[in-house]
Amino acid sequence: MQIVNISGEVSHLDKMSSIRHDLGLVVDASCDQTENLFNVMSRNSFFNASYEWLIFSRNTFNSSIRLLRRQNLNVDSRVVLAEETSSEDFMLFDVYNTLFRRNGKFHVTLAGRWNEERGFSIDCRQSLYDRRHDFQNVAMYVVFTDLKRKHNRTILERLETNEPLQDFALWRFSHHYVQMLMMKHNFRVQYITTPGWGSQSTMAHKTSTGLLGQLKLRQVDLAVNTLYVYQDRIAIVDYSVVVAMHNCRFVFRHPRRSNTRITFLQPFDNSAWLGLFTGLTVAGVALFCAFRLERKFPWNISRTSQEYLLTILGFICLQGFAGITFLNASKVIIVVMLSCALLIYQYYSSFIIGSLLTSPPRYLNTIRQLISSDLEVTIENLFYLWEFYNRTTSPEVEELFQKKILTGSESSTDVITGIQKIKKGGYAMQCDIGYAYPIIKRTFTDDEICDLQEIEVYSKKPLHLPLPKGSPLKQFFRVTLRKLIESGSGPYYEREFFSQKPACPRDSLEQVAQIEVVQVVHVFYILAMAMVVCLILLVVEQIYYRFHQRRERVAPYMS
């Protein structure tokens with residue numbers, strides 16, 4: 001036990017602001033300086049749950065009650081008034097106020113008795129929460145922001161509307177929690193709207209502009225809007241419990257086919273194609289040398305170079321060989337080339353057929369792949385998202401923001417316009433999926449829903465109902481909110497306001513495999529190029545033929 005001189009206010013603050021917590025204080029109400037002590041403690045809000053107070057009263061019970069009634073006692077205060085009724089016999093009273101600065105009701109409840117012979121006897125066996133959870137219709141101020149949206153409805157009409165979600169409206173979700181708190185704790189609310197969230201600059205200048213400014217200056221008792229946990233807010237906000245997990249993801253219609261690779265080259269990667277081309281080239285050169293070598297033997301086999309090349313190309317295309325060869329080396333090369341071409345053809349054709357029988361693979365799954373894609377990228381115009389990109393330290397996310405979002409036709413848009421562009425394809429938007437997916441379910445066809453793909457930029461973040469720092473309501477609201485979540489009332493509203501990605505309504509095995517023009521367009525390119533080359537060769541051959549024909553007619557006269 002430490003006994004200190006409390007004659008000065010500096011010593012009060014020095015001792016009460018000690019790093020030690022759960023301090024116990026014993027006060028003699030008959031002391032002349034008790035009123036000064038209480039005034040100092042009340043101004044600095046030291047009658048909170050961190051301090052246990054035991055006040056002895058000897059024949060001053062009524063004056064002690066009048067003195068405590070004027071102090072900043074709240075529902076979390078732990079003040080016990082011990083009234084001495086006789087020698088070594090005390091009656092112990094639990095003293096608190098529901099909410100002092102909102103003119104709450106002052107309560108004095110008999111908690112028990114103590115004397116030297118019988119010890120301590122408890123008259124009230126309820127827990128602190130059960131004794132004090134009824135706030136007896138005290139009026140509280142609750143703040144919320146609707147992000148400067150224009151409207152012609154009252155605050156309650158905006159909070160209690162049952163219209164389908166069309167844009168950001170998380171305050172409608174958290175308002176259900178506020179209503180359940182009101183029913184449990186029996187208090188009234190007066191709503192205050194703000195034009196925005198507030199910023200660090202406005203809070204530094206001690207203005208009440210914005211939701212965070214209202215909380216910092218303790219002008220309100222609770223906020224309807226849920227908040228993320230950030231380090232710079234811990235000094236001004238007390239968080240209750242996690243009422244929901246929130247996430248904003250990129251949503252887009254995945255392209256049916258990759259634009260980064262020709263369809264007919266997809267069965268093998270570049271290294272496989274290079275190996276096949278090298279192997280077949282070496283085999284073709286060896287076969288060409290073998291054919292040329294046969295011309296030196298007296299077998300009367302004569303072939304032109306064009307016939308050699310066409311024969312080798314026929315082996316690669318599984319056309320067989322109708323000629324005659326006498327060298328065993330040529331026969332081995334022909335068998336090997338035909339076997340290799342057959343195996344390559346099996347792998348190639350099975351890939352093409354299999355790709356038509358199953359859904360195409362999703363190749364846009366990461367942020368890096370999204371950066372490399374041709375999709376136009378934007379974000380929903382939400383404070384949460386702008387704050388995330390301002391705070392992020394991920395190199396990939398910063399690159400995405402700089403290269404795709406800021407350089408696009410529009411860096412941000414509303415969710416309705418963004419979903420309309422997603423429906424057309426070639427467009428990705430990061431949005432609040434809680435209300436974006438219900439809109440998609442109402443407006444997209446089955447095929448468009450099956451094409452949906454999402455990319456998670458950051459993991460789900462917990463949402464809390466915020467209170468001012470040091471709020472006496474914190475522990476009571478935490479207990480009540482946990483009970484609501486455990487009972488299922490909270491998750492019921494969470495399922496209503498936080499939708500999941502809609503499932504594809506059709507089975508991939510039931511869909512008809514159709515080849516689109518885009519998939520075979522390269523065949524037409526090759527055919528067109530071949531026709532152009534043939535036309536050029538035809539013109540050259542005609543010119544060459546006419547030139548030689550003219551020389552043959554002129555030659556006799558020249559001789």
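## A colleague's note on this chain

1. Start with how the chain folds back on itself. If you take contacts between residues at least 6 apart in sequence, 71% of them join residues at least 24 apart. Keep in mind as you read on that this is a predicted model.

2. Now the overall make-up. You'll find 20 helices and 16 strands in the chain. It has 559 residues, and 39% of them count as buried. The accessible surface comes to about 32,000 Å², with 57% of that belonging to carbon and sulfur atoms.

3. Have a look at helix α16, which runs over residues 433-443. Is this helix mostly covered or mostly open? Mostly covered: eight of its eleven residues are buried. The buried ones are I433, G434, Y435, A436, Y437, P438, I439 and I440.

4. What do those buried residues of α16 pack against? On the strand side, there are β11 (248-253), β12 (376-380), β14 (427-432) and β15 (452-456). The helices α15 (415-424) and α19 (489-497) are partners too.

5. Next, the inside space. The count comes to one cavity of 30 Å³ or more, and the largest cavity has a volume of about 50 Å³. Its lining is made of L165, A169, L170, D432, G434, Y435, F497 and F498.

6. A pair of asparagines deserves a look at the backbone. Most residues other than glycine have a negative phi. N103, however, has a positive phi of about 55° although it is not a glycine. You'll find N103 in the loop between β4 (89-97) and β5 (106-115). Its relative accessible area is 72%, over the 50% cut-off, so N103 counts as exposed.

7. N137 also has a positive phi, about 65°, and is not a glycine either. This residue sits in the loop between α4 (128-132) and β7 (138-145). Is N137 buried, partly exposed or exposed? With a relative accessibility of 39%, N137 counts as partly exposed, because that class lies between 20% and 50%.

8. Last, L211, which lies in helix α8 (residues 211-216). Its relative accessibility is 0%, so L211 counts as buried. L211 and W197 are 14 residues apart in sequence, yet their C-alpha atoms are 4.7 Å apart in space. W197 is also in contact with L211, and so are V143, F144, T145, T194, G196, G198, A223, N225 and L227, leaving aside neighbours within four places in sequence.

Methods. Residues are numbered from 1 along each chain as its sequence is written. This is a predicted model: local features need pLDDT of at least 70, side-chain atom pairs count only at pLDDT 80 or more; totals for chains, interfaces and linings use all residues. Side-chain values use heavy atoms; hydrogens and water are left out. On a 1 Å grid over the protein atoms alone, a cavity is a set of points where a 1.4 Å probe fits but cannot get out, and a pocket is an open set with protein on both sides within 12 Å along at least five of seven lines; lining residues have an atom within 4 Å of a point. Grid points are joined across faces, edges and corners, and a volume is the space filled by probe spheres set on the points. Helices (H or I, at least four residues) and strands (E, at least two) are DSSP runs, numbered from the N terminus. Buried means under 20% relative accessible area, exposed over 50%, partly exposed in between (1.4 Å probe, protein chains only). Contact means heavy atoms within 4.5 Å. Accessible areas come from the Shrake-Rupley method with a 1.4 Å probe; for residues, only the protein chains shown count as cover.
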